[in-house]
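Have the viewer ready and follow along.

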Amino acid sequence: MATTPPALVATGDRRTSVQSAEALRQGSAGFLAPDFKGLQTCGEPIHLGLPVPLYISRTGTFYFGGLRTCGSVTACPVCSWRIMRQRQRHLMDCHRTVSALDGSTLVFHLTAGYPGDIRVAEQRERLQAAYAKFSGGNNSLGGRTGKRAGVLGSFRSLEFKYDAQTARWNPHFHGAAFFTGDIPPEFGAWLTGRWSRSLEAVGLSGGEDTRPGEAGEEGLSYICKPIWTDETEKTKDRLTPFQLLARAVETGESRWIDPYQEYANAMKGKRTTSFSRGLAEKLRLSERRHRASDAELARPFEGRPPVDEISPGVYRELRQRSEVNRYLGGYRR
Ligand SMILES: [Zn+2]
């Protein structure tokens, strides 16, 4: 398991275009103090004063162990990268297994329109209530309707984008449904209709962008992105939370800091992704892996002996300069 976050494309601005996830984590901890205690110490050695062990992954990447991890997928760019990368792998495993069994994968995007003065916490609650309606009961993906259509199970991911033009958050879901055979021709229309009725039931309007389609690997990796930098995003005014954070860190301006804080507080301790129960088992994949918590996925694997260790002083200095990953990138045995 590699744990080196890539250089982070933070904003459209060239001056700030590349920031490391570690530096962003420090910025995040600074803006969210003192309510996010785990974030302040994320990346610190568990045993201060002892050498920090270095591990090598199966794919040949180096990473440090014996460190505290906050496990926050929404507030910590470093943990978020690890968590989302593994969820993305699990999602690909499902897709490849289903394809090998001559099944199909449908990708869908569930968006919503929100009242003008709504707070982020309420946006999240209402959107999640809509999803509960969408996915509950007999006439749903997981119910009799899904079963009749050959649905094996599903995945969903909650994503937030900040619109810099309107200064508003726009939470939405991305999802995937896995089928034993072909996707029934009327299924996309059924899904879209069910989502708009679910939105109505919680007092939200329909999204402008609910378009189900058969998935390739590219479409699937889009719906579960590590670190949400989303370099393919065309409109530079729609920011991921970490892109917004990068602007906040760079400028120190409250017009970026305030919405970032509001988002982080509304999402504190919340998961953003999940697989439907039993899907992994049906595909003979590891149900334990699929149901792992964010905190478990954020922890680096330390089941093998370390290959080296560095002194606590050197590690402290690398951490202070946000250069841990640069060091790892250049490390040679
Ligand atoms: Zn963390």
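Start with Phe-155, which stands opposite Phe-275 in strand 14. Strands here are DSSP runs of E with at least two residues, helices are runs of H or I with at least four, and both are numbered from the N terminus. This is a predicted model, in which local features need pLDDT of at least 70 and side-chain atom pairs count only at pLDDT 80 or more, while totals for chains, interfaces and linings use all residues. Residues are numbered from 1 along each chain as its sequence is written, and side-chain values use heavy atoms, with hydrogens and water left out.

Strand 7 and strand 14 pair in the antiparallel sense over 3 bridges; two strands pair if DSSP finds at least two bridges between them. Strand 7 also pairs with strand 10 (residues 172–179), again antiparallel, over 8 bridges. In strand 10, Gly-175 is the bridge partner of Arg-156.

Strand 7 leads us on to the second largest pocket, giving 6 residues to its lining, the most of any element. A pocket is found on a 1 Å grid over the protein atoms alone, as an open set of points where a 1.4 Å probe fits, with protein on both sides within 12 Å along at least five of seven lines; lining residues have an atom within 4 Å of a point. The space in this pocket is about 360 Å³, counted as that filled by probe spheres set on the points, which are joined across faces, edges and corners. Among its 19 lining residues, Leu-141, Gly-142, Gly-153, Ser-154 and Ser-276 are the closest to the centre. Helix 4 (120–135), helix 5 (144–149), strand 7 (151–159) and strand 14 (273–275) each give two or more residues.

Now look at the open sheet of 3 strands, with the order 9-8-13 and antiparallel pairing. Its edge strands, strand 9 (168–169) and strand 13 (238–239), each pair on one side only. Strand 8 (residues 162–163) pairs with strand 13 over 2 bridges, and Tyr-162 stands opposite Leu-239 there.

Finally, visit the zinc ion, coordinated at 2.3 to 2.4 Å by the SG atoms of Cys-42, Cys-70, Cys-76 and Cys-79; donors are N, O and S atoms within 2.8 Å of the metal (3.2 Å for Na, K and Ca). The site is tetrahedral, with angles of 103 to 117° among its 4 donor atoms (for four donors, all angles must lie between 85 and 135 degrees). Cys-76 is buried, at 0% relative accessible area, and Cys-79 is buried at 0% too.

Notes:
Four donors count as tetrahedral if all angles lie between 85 and 135 degrees; four count as square planar and six as octahedral if opposite donors are over 155 degrees apart and all others between 65 and 115; anything else is irregular. Buried means under 20% relative accessible area, exposed over 50%, partly exposed in between (1.4 Å probe, protein chains only).
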